[in-house]
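Morning, everyone. Please bring up the sequence and the model, and we'll walk through some strands and then some charged pairs.

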Amino acid sequence: MIRISTIFIAICMVLVAASLGLVLYAVAGISGTESAIVALTALTFLILYNAVSMRLRDRSDVGGQIADLSRGTADLARQVAEFGRRLAAIEGRIASSNSTNSDRIQSVVGEINELGGLVKQLATTVSAHEDLLAGAAPVPAAVARPESEAPIDLAASFDEKPVAPPPHPTPQARPAAPSVQAQTANPAHATNGRNQTQLLATLRNAIDENRIDIFLQPMVTLPQRKVRFYEAVTRLRDERDQLIAAEEFISIAEASGLIGRIDNMVMLRCVQVLRRLMVRNKEVGVFCNVAASTLGNSTSFAQCLDFLEANRALAPSLVLEFKQSTFRNLGLAETENLAALAQRGFRFSIDHVTDLRIEPRELADRGVRFIKVPATLLLDPRQASASDIHPSDLSDLLGRFGIDLIAERIEGERAVVDLLDYDVRFGQGFLFAPPRPLRPEGASATGGAAPNQAQDIQGSNGSASPSPGAASATPQRITGNAALARRI
């Protein structure tokens with residue numbers, strides 16, 4: 001469209017030319033034809049002058065725009081060059097890191113081959129000794145020992161039904177229990193004959209040397225018994241690779257201020273395990289326990305929050321678990337930190353429930369989506385009179401506020417039948433599977449705990465106790481090595 005200023009200029013030029021012709025005709029006495037010719041000539045000159053001036057003005061404007069574009073292009077070129085330099089530096093670092101890792105892997109492979117040769121020699125020697133003992137006297141039959149727990153295979157089908165726990169030890173292995181009870185009855189001993197000072201030193205060494213492992217215990221749907229979640233159970237390995245359960249060192253870790261470092265390490269490994277699980281199924285979830293002292297400590301919580309912020313995409317599948325006492329004693333700092341986690345999309349679970357006095361609306365507002373209640377507490381007839389709601393109606397009440405009820409510590413089929421009458425959707429316990437380490441490929445997530453270490457796991461919270469049949473298992477282990485030597 002023609003601009004209004006252009007139309008106005010054209011009208012003005014026509015008026016000027018017409019006025020000039022009229023003045024020449026009226027004043028100078030020039031004829032009308034000559035006046036018209038002069039007027040047209042003046043109009044032509046005015047038009048040419050306007051066109052040339054507009055072209056010069058447009059040329060100056062275009063020149064300024066081209067100069068701005070040139071400066072922007074130069075800045076973009078400098079930025080691209082800077083990014084190229086940084087990318088080249090990163091590629092160089094990656095190449096050097098890969099070279100270093102390759103050298104380390106080669107050295108480790110060589111050491112493993114040497115260990116394999118030593119194992120073969122040991123198996124041959126044991127086989128020869130066994131043959132000599134068999135020729136001298138008959139070997140008594142070994143006491144039956146429960147099978148060791150198989151490591152969890154994260155590459156297996158997610159909907160696979162969990163295997164049943166190993167059978168209980170035979171009655172012949174029970175005489176070892178009094179020594180264990182005598183050891184735990186002494187308050188000066190914490191575990192494996194250690195006092196609290198020794199256990200604290202072991203805990204510090206385990207943290208410094210990255211010997212904090214996690215075991216996974218599945219949570220299954222009821223009544224289908226298909227795995228839906230995993231709970232990460234913390235284990236500590238001492239210098240002799242003996243496992244120490246969480247409840248034996250958590251109190252010492254909280255008192256010494258080490259619980260924040262432990263929670264950070266466990267949270268890191270939970271994220272690693274969750275990423276591996278989500279390769280097979282996007283609906284998998286992992287429960288990660290967080291201590292109350294970590295939630296209230298500004299330094300430890302800041303580290304956890306930064307890590308969780310970087311893994312915010314996993315928020316729908318990573319469930320942070322707190323004790324019931326933690327939610328009942330929240331301070332101002334704990335409340336703000338909990339709200340910061342909920343704002344980033346993370347969900348919470350409550351365990352260590354001691355009574356059924358629960359306010360589902362308040363918990364749902366704080367981001368709680370799961371509550372784990374022991375099966376014995378749900379099925380206790382005395383809870384009907386001690387709580388505000390009957391246990392059979394608890395699942396429906398929590399469901400109205402988007403909270404799922406999980407029955408834990410299930411150890412018998414009778415309990416499952418009774419819980420189905422209570423409309424419980426999820427279950428966890430030794431009836432379905434005990435806490436187990438990952439398969440060897442999962443050593444990066446669990447610290448590579450050996451499968452035979454898992455057979456000492458007792459209790460629904462993963463307490464560890466010496467196996468009563470450990471003393472009688474040596475003949476069976478020798479027989480297995482001898483058979484290996486014969487096959488070699």
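Let's start with strand E4, residues 285–289. E4 is mostly covered: 4 of its 5 residues are buried. Keep in mind that this is a predicted model.

What pairs with E4? On one side of the list we have strand E2, residues 227–237. E2 and E4 run parallel, and 4 bridges join them. Strand E5, residues 318–323, also pairs with E4. That pairing is parallel too, over 4 bridges.

Now find Cys288 in E4. Cys288 is the bridge partner of Ala232. Cys288 also stands opposite Leu320 in E5. Next, the charges. Side chains of opposite charge can pair when their charged atoms come close. How many salt bridges does a search of the whole structure find? The count is 20. I'll take three of these pairs, then a network.

Pair one: Asp75 and Arg78. Their closest N and O atoms are 1.9 Å apart. Look at where they sit. Both are in helix H2, residues 32–136. They are 3 residues apart there, which means a separation of about one helical turn. Are they buried or exposed? Asp75 is partly exposed, with a relative accessible area of 34%. Arg78 is exposed, at 52%.

Pair two: Arg261 and Asp208. Here the closest N and O atoms are 3.2 Å apart. Arg261 lies in helix H6, residues 259–278, and Asp208 lies in helix H4, residues 196–208. The pair therefore ties together parts that are 53 residues apart in sequence. As for accessibility, Arg261 is partly exposed, with a relative accessible area of 42%. Asp208 counts as exposed, at 55%.

Asp241 has 39% relative accessibility and counts as partly exposed. Arg237 has 10%. Buried means under 20%, so Arg237 counts as buried.

Last stop, the network. Which residues are linked in it? Four names to find on your screens: Glu231, Glu321, Lys372 and Glu408. Salt bridges link them.

To recap: E4 is mostly covered, and it pairs in parallel with E2 and with E5. Asp75 and Arg78 pair within helix H2, whereas Arg261 and Asp208 join H6 and H4. That's my tour. Over to you.

How values were computed
Residues numbered from 1 in each chain as written. Predicted model: local features only at pLDDT ≥ 70, side-chain atom pairs only at ≥ 80, totals over all residues. Heavy atoms only, no water. Buried < 20%, exposed > 50% of the residue type's maximum accessible area, 1.4 Å probe, protein only. Helix = DSSP H or I, 4+ residues; strand = E, 2+ residues; numbered from the N terminus. Pairing = 2+ DSSP bridges. Salt bridge = Lys/Arg side-chain N within 4 Å of Asp/Glu carboxyl O.
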